[in-house]
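Welcome! Let us look at this structure together, one question at a time.

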Amino acid sequence: MSPARRSALAVLAAAVFSASAAAAVLPPLVRTLDSGLTVVTQKDASSAVSVLEILIKGGQRSDPPGREGLAYATTRLSMDIPDIGKVQDFMAKALHYSMTVRSDASVIRIECLTEFFDEALASFVEILTDPLINNIRLDRIKEAMAHQRRIESDDAVAVGRQAQRERFFQGTGYAGSIYGTEASTKEVKVREAKDYYERFFTAGNMVLVAVSNLEEAEMQDLLARRFKKLRATTAQAAPADSGPGPVGSFGDAPKVIAKDTQQNFIGAAFPLPPATPRRLVLSLLVENILGRGPGSRIWGLRTERKLAYNVGAAATPMKEAGLLEAFLETSPEKSAEAQAALADGLREFFENGVSAEELEAGKTELGSYFLRTNERKSSRAATLSLFESVGIGAGLFASFTDELAAVTLEETNAFIRAYLKPEAGSWVIIGPKK
Amino acid sequence: MAVEKSLTLDNGLRIYLLERRTTPLVNIVAAVNAGSKDETEATSGAIHLLEHYVLFRGTEERSGNEVARDIRRHGAYFNAHTGQDLATFEMSLPAEHAEFGLRNQKDILFNLKITPAEVEAEKEVILQEFRQLRDDPFRYGGALVYQNLFPGHPYGKPILGTEASLKALTREAVEGFYRRYFVPGNSVLAIVGDFALAEMEAKVKAVFGDVPKTDVVLTPLEKALPPPKTVEIEEALDVQEGYLIIGALGPDYNDPDQFAGDVLAQTLGHGLYPLLLKPLRSPRNLAHSVITTSIALKKAGAFVAYITLDPKDLKAAKREALNYLRRTLRSENFSQEDFIQSEERQDAFDHLEYAKNELRFAVQQAWESGLGLANSLAQHLILNDQGSKINYLEEVAKTTSSDLRKVGAKYFGRNEYVVVSIVPKKK
């Protein structure tokens with residue numbers, strides 16, 4: 001049975017549920033416990049599901065040179081289920097849990113039916129606060145990371161976007177894959193994973209983000225009770241600063257990576273400064289006007305120039321830097337024309353900026369996009385934890401619309417002129433050898 | 001107070017309204033009962049081309065650029081999807097622009113202007129999409145499974161057509177297909193979001209009520225049969241990982257087996273310990289990950305397993321997975337209750353309990369997205385033949401281990417499979 005059928009039947013059988021769930025989503029509540037642990041909660045009665053993101057500040061940026069992948073390996077170890085009994089227990093409760101490493105933080109996500117949440121959390125926190133870090137487990141996780149690296153390398157878009165990070169952030173944690181390299185993961189030792197855990201998995205360095213149908217006070221109390229075993233810390237586990245690395249002119253010569261694909265990936269990237277609330281809103285607005293869907297600036301490369309099926313732009317906020325990318329995928333014979341057309345579009349965008357009408361449309365579209373993409377609890381928890389991890393705070397979620405409304409034409413065009421200089425861009429092409 | 005309503009306009013357009021005030025958005029999804037199943041040799045690729053054309057190429061009133069400009073100005077998101085049975089056209093926008101959303105949907109669906117130049121332009125874009133499909137191992141492998149799982153049946157036609165059929169497609173053929181199927185009596189509308197039911201009903205009637213009624217003649221569709229023998233396909237791409245995709249026939253949208261089939265798919269390829277990983281992890285570790293999906297079409301269904309693995313283990317993994325599905329599944333212990341000895345029972349995973357809770361979780365999650373709900377409801381209006389309301393979770397709760405063994409034996413034990421392997425190119 002398809003998910004569509006499942007959803008439809010659920011709605012038709014219980015449409016009355018939507019009446020009881022007709023409450024607007026409340027702004028998030030942010031509290032810092034005595035231990036230093038920050039707890040962000042938001043009540044949402046639209047489903048009987050609870051989502052928790054556990055943020056461990058550090059992330060890719062905290063990987064020491066030559067040990068890329070350490071943050072990933074340690075975070076995986078910290079949630080590795082130690083015995084069969086717990087596996088059975090989690091399975092019976094249909095507990096979903098997963099992890100990833102972002103530029104500035106590791107994130108563990110737990111989601112399940114709210115009726116199981118407290119009990120599942122109790123078991124999970126036992127693992128998280130006393131993980132079994134040994135050679136057997138570390139070797140198994142290294143194998144899984146090698147597998148993830150292979151899957152990543154099979155995706156031309158992922159390879160292209162990663163190549164941009166390599167170019168801008170070479171020599172810092174922001175470069176490369178979260179899974180490290182074969183050589184760097186080989187060097188990661190149990191002692192280093194234990195040290196990483198001791199340094200970063202402390203209350204003062206962690207943030208909990210929960211979105212649930214539970215009352216906020218109830219969720220706050222529950223999280224405070226369950227996470228009281230976390231070690232308190234007074235000294236922040238601050239990773240070394242990265243910064244955008246060797247930002248400079250890459251000239252017109254693109255970085256070309258040979259891959260025997262049917263299409264060429266062509267991407268241009270521009271470094272952005274560290275995220276602030278206003279810069280984040282501006283970068284998302286510029287991303288939107290430049291390349292998010294029909295009517296955006298580079299959309300014509302698809303509909304009128306017929307150069308690509310996939311065209312887009314993406315802004316990536318980070319604590320110490322940021323990136324704005326514009327990209328497309330095209331057939332090898334159209335590659336040169338497509339690259340020139342994308343470069344022309346970017347140059348025109350830089351030189352002339354946006355019009356008042358274009359800005360208003362972009363603001364309306366971005367406001368609606370923000371509502372839609374954060375409708376699901378898991379997406380909203382991810383947004384809230386991203387805001388926390390880049391240092392701008394979950395409070396931006398509630399003020400996002402006001403912040404967006406306050407953006408002026410002058411500052412949008414100033415942002416474009418400051419950061420989208422053609423000479424500051426880096427070009428990457430992934431595709432078959434000629 | 002009622003929060004939902006079904007109605008049918010005089011022109012035959014069926015509409016479902018669901019008031020849901022959690023987010024200030026309105027989600028409007030139209031589904032047209034036309035898919036690749038309805039194409040002929042002359043129209044192969046037409047429905048997918050129309051999916052693109054409807055969104056981007058303009059109407060009698062507005063050019064494609066004007067449509068795109070209006071969409072942005074109103075903060076709307078729109079997209080479309082094509083399948084074997086139907087095509088959906090979705091839009092989500094701020095609640096204050098709901099009327100624009102309705103008028104836009106009406107204009108692009110029922111007032112299209114099909115010109116040779118725009119058809120040729122969109123064909124070029126789709127040729128790029130063909131290439132992109134081949135760069136995604138799972139998407140490409142999945143498409144090959146569907147094309148070979150329903151031999152001789154209209155569901156076996158490629159959803160995008162082929163490069164050759166697309167190049168040969170004429171404006172007249174596209175227009176003919178459009179005029180035949182894109183009519184109110186062959187379409188449905190599901191609207192979910194922040195509105196008052198009575199006001200939305202009045203708006204919908206005012207906007208769509210004047211679309212002329214047109215008779216629809218549909219070709220009857222038989223149930224699909226499984227392939228007479230197992231089809232094995234191997235494709236070499238520039239990949240480092242190995243990808244194994246296994247497809248088997250499953251219950252269709254209206255089949256009573258659908259509930260047990262859904263539970264079975266969960267146990268096989270989801271959660272912390274998917275059953276299909278059992279033969280692939282012991283005694284040798286042959287796979288990295290497995291996930292199974294079950295797709296329900298109107299006259300057929302499919303179970304598809306997606307497995308990632310080391311390419312050198314492909315042959316052994318294929319053998320073990322097929323052996324498990326064909327022979328072991330029919331006697332599998334899904335629940336702790338299946339074990340007689342208390343020690344065995346204590347150590348066993350309760351896959352049945354897991355799957356039931358997992359489906360309860362999925363149903364709850366479905367409530368979180370207005371656009372997702374509208375999409376599901378629009379598809380349901382086209383695919384459902386049963387008429388009456390079914391309580392999905394009650395049916396799932398009734399499912400027993402014995403039901404899973406029966407469904408496993410019926411679909412995996414007796415039928416043949418389609419097996420697609422994506423392997424690295426030889427250097």
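**Chain B at a glance**

Buried residues account for 55% of the 427 residues of chain B. This is a predicted model, in which local features need pLDDT of at least 70 and side-chain atom pairs count only at pLDDT 80 or more, while totals for chains, interfaces and linings use all residues. Residues are numbered from 1 along each chain as its sequence is written, and chains are lettered from A and ligands numbered from 1 in the order in which they are written.

Q: What makes a residue of chain B count as buried?
A: A residue is buried if 20 or more other C-beta atoms, placed from the backbone, lie within 10 Å of its own.

Q: Which domains does chain B have?
A: The assignment, automatic or from a database, gives domain 1 (4–208) and domain 2 (231–424). Their centres, over C-alpha atoms, are 30 Å apart.

Q: How many residues of domain 1 of chain B are in contact with domain 2 of chain B?
A: Contact requires C-beta atoms, placed from the backbone, within 7 Å. By that rule, 34 residues of domain 1 of chain B touch 28 residues of domain 2 of chain B.

Notes: Contact = placed C-beta atoms within 7 Å. Buried ≥ 20, exposed ≤ 12 C-beta atoms within 10 Å, placed from the backbone.
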